[in-house]
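Trainee: Could you walk me through this one before I write my notes?
Mentor: Of course, let's open it up together.

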There are 2 protein chains.
Amino acid sequence: MDHGTRRQNIVEKLLSELFQGLIKPGERLRVERLAERYGVSVTPIREALVELAGLGVTELQANRGAVMCAFGPRQVREICQLRRILECEATRGACGRIAPFELSTLKAELTKLAGARRTIRWSAETRRLDSQLHELITERCGNERLAYEIRRYAVLFRLLRDARHNKRTARDNYSQMDENAEHVAIVDALIVGDAERAAAAMAYHVNQSAAALIQDLFENHEIEADRTPAFLQTRTSTLAATI
Amino acid sequence: MDHGTRRQNIVEKLLSELFQGLIKPGERLRVERLAERYGVSVTPIREALVELAGLGVTELQANRGAVMCAFGPRQVREICQLRRILECEATRGACGRIAPFELSTLKAELTKLAGARRTIRWSAETRRLDSQLHELITERCGNERLAYEIRRYAVLFRLLRDARHNKRTARDNYSQMDENAEHVAIVDALIVGDAERAAAAMAYHVNQSAAALIQDLFENHEIEADRTPAFLQTRTSTLAATI
DNA sequence: CGGTTTAGGATTGTATACAATCAATCGAAA
DNA sequence: TTTCGATTGATTGTATACAATCCTAAACCG
């Protein structure tokens, strides 16, 4: 039935459970237990853990198995920061590599949507155009490897968004700031060929969605002190060791 | 003996062989053959292939195994471009997070080395300080995930440098432009806290080493036309399909 | 009483056996 | 002759059996 796709399925399931808080950071992932939980043997489980380690969400310790890495607001922020770095560079690269025709078509759809009533259909269309814009920029960025890394992170991002969706109540589902305006800003800059402005618009857009993500996923979460203080306070001990 | 580390060993060996041109792009990697070649069973081979797929050097096709991805000047350039993106951002982040004491110590070593005679010992010291600077910036960049990705790419980069070293004749081993000067420029900018100048210096440094790498690895290679032409020439057909 | 050591169980890592899938070839019918 | 389908061989993906390693804890000596 699913012969040949078990590893990928398990990767997605484990990621999803992690993002929903069902697996706690530091928890050991025992292959046998996971195998019986998902109704498969340990082989695809092990391979999934290797893949997850490549994504930086599990740590493989030799002869000691896999443990979940930390996951909280800070980690989400870091994921989004990395996504911002990658997508901004892709936007710069894509500038001048996308036909004006494509851009104007996209812009027309976006502006039409920006003025439309906010229904379920509107929300779905917004997400569709979001994916379309990001994928267009990714595939035209001129650097296959950059595109590959962006897609790797897109998986993480999509599952984070799903986790957010599961957690959210239906109340303010459409109250988010208008993504379409942010998209139009990106497209406008691409149309006139201003790479830096396009990158800046993309940075703003990614930061906005990052903030919304963290807000909804961890709104009742204890505030963690990750505004790192001046280096001298915390680094003194390590300084003595490294110098 | 090497119980628990076989996967990693095989990852490194396969990467090394790829970078030396012993495995051709598009070639299918049959697990059985690799298993007997390396004297292990197929299990660690399979896991290594999963990990390599995460690094973007193999492609896993469901029920059809793994094939080597393309590898040439273009791919090396893309790897280096990504490294530049990551390390530049890390440099920005590390600005203000490294104690002046550490920076001045490092600068003293670098300047001393810049004036020294170019012996084998000089070369080794240069590489040592190169690693030290990059690792310092990486671990202080303030973003654990960014650091993780940089280290992932550092593996690729180290093996590329090794492959270059194997290919190089002994002749002009030290004729490279002075890396130490580039390092001093980075450190200087960090000392005065100018994040953008530090990032620019890092960009220059990474680009220089990328050029040297490509030069030595592919000097007799056919020039490939990857200065992508205006989009309209090659993209016309796909345009019709996607719009 | 404290520290070291050494069985025991639990868990991982590796090898191997088996099932599912794919590609290629052969053959038969249109 | 060409095209469609079945068959077969090769190869992958999965399950399971076994070996190596780690963690715990109790026994043993100082």
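**Around the DNA strands**

Trainee: Which residues are the closest to DNA strand D?
Mentor: The closest are A:Arg6, A:Ser41, B:His3, B:Arg30 and B:Gly65, out of 21 residues that surround DNA strand D, where a residue is near a strand if its C-beta atom, placed from the backbone, lies within 6 Å of it. This is a predicted model, in which local features need pLDDT of at least 70 and side-chain atom pairs count only at pLDDT 80 or more, while totals for chains, interfaces and linings use all residues. Residues are numbered from 1 along each chain as its sequence is written, and chains are lettered from A and ligands numbered from 1 in the order in which they are written.

Trainee: Which element gives the largest share of the surface near DNA strand D?
Mentor: That is α3(A), with three residues; helices here are DSSP runs (H or I, at least four residues), numbered from the N terminus.

Trainee: And what about DNA strand C, which residues are closest there?
Mentor: DNA strand C is surrounded by 20 residues, and the closest are A:His3, A:Arg30, A:Gly65, B:Arg6 and B:Ser41. Two or more residues of that surface come from each of α2 (31-38) of chain A and α1 (6-19) and α3 of chain B, and α3(B) has the largest share, three residues.

Trainee: Changing topic, how many residues does each chain bring to the contact?
Mentor: Chain A brings 36 residues and chain B brings 36 residues, counting two residues as in contact if their C-beta atoms, placed from the backbone, lie within 7 Å. On the side of chain B that touches chain A, α4(B) supplies the largest share, six residues.
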